[in-house]
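Visitor: I would like to learn how to read helices and strands in a model. Please take one feature at a time.

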Amino acid sequence: MISNAAFTELRDLLRSGESEKARDLLLALQAGYFTLMEEIQHLQLRVHTFEELLPVAGHVCTRNGLVWIETEAGLKGPFCPLCHSTDGSLIRLEDEGAEADSQWHCPSCEAHYPHGCPDTDRHRAVVLPFQKTCRKLGL
Ligand SMILES: [Zn+2]
């Protein structure tokens, strides 16, 4: 497992001249890094699969430059237009505050978007019911 404490320990080992122990720790960190990369790739594949299975494709729309999902209960979102145009993913934007100059922020690509959609800004998205949908689909 990679942790900040391991990097601190590595720095201390290098400072104290214990290069053999530092090398061993560095190799362990490298192995942990590769394990994490494999896990990330696996999780990305799972997310992509779930996104394809979710019945939202025909209900995605763009309003005021942001991506939304039309539901019977109204618009849900907003989602990042850059991420959606890049790979079709629906990354929900985070509201950075209630001030007049506040913005939407994408936690994935770090893009910022101005509010400016006063009639829909307060219709915040709910978390998509992945578990419920997966159960319905028998996954
Ligand atoms: Zn994004």
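**Helix and strands**

Guide: Start with helix α1, residues 4–15: its 12 residues reach 17 Å from first C-alpha to last, close to the 16 Å expected at 1.5 Å a residue. The expected span is 1.5 Å times one less than the number of residues. Helices (H or I, at least four residues) and strands (E, at least two) are DSSP runs, numbered from the N terminus. This is a predicted model, in which local features need pLDDT of at least 70, side-chain atom pairs count only at pLDDT 80 or more, and totals for chains, interfaces and linings use all residues. Residues are numbered from 1 along each chain as its sequence is written.

Visitor: How many residues of α1 are buried?

Guide: The count is zero among its 12 residues, and α1 is hardly covered. Buried means 20 or more other C-beta atoms within 10 Å of a residue's own, exposed 12 or fewer, partly exposed in between, with C-beta atoms placed from the backbone. After α1 comes Gly 17, with a positive phi near 80 degrees.

Visitor: How do β2 and β3 run?

Guide: Strands of a sheet pair through backbone hydrogen bonds, either parallel or antiparallel. Here β2 (residues 66–71) and β3 (residues 74–79) run antiparallel, joined by four bridges; pairing requires at least two bridges found by DSSP. They form a hairpin with two residues between them. Ile 69 has Lys 76 in β3 as its bridge partner.

Visitor: Which strands are at the edges of the open sheet?

Guide: The open sheet has three strands in the order β4-β5-β6, with antiparallel pairing. Its edge strands are β4 (94–95) and β6 (112–114), each pairing on one side only. Two bridges join β4 to β5 (residues 103–105), and Asp 95 stands opposite Trp 104 in β5.
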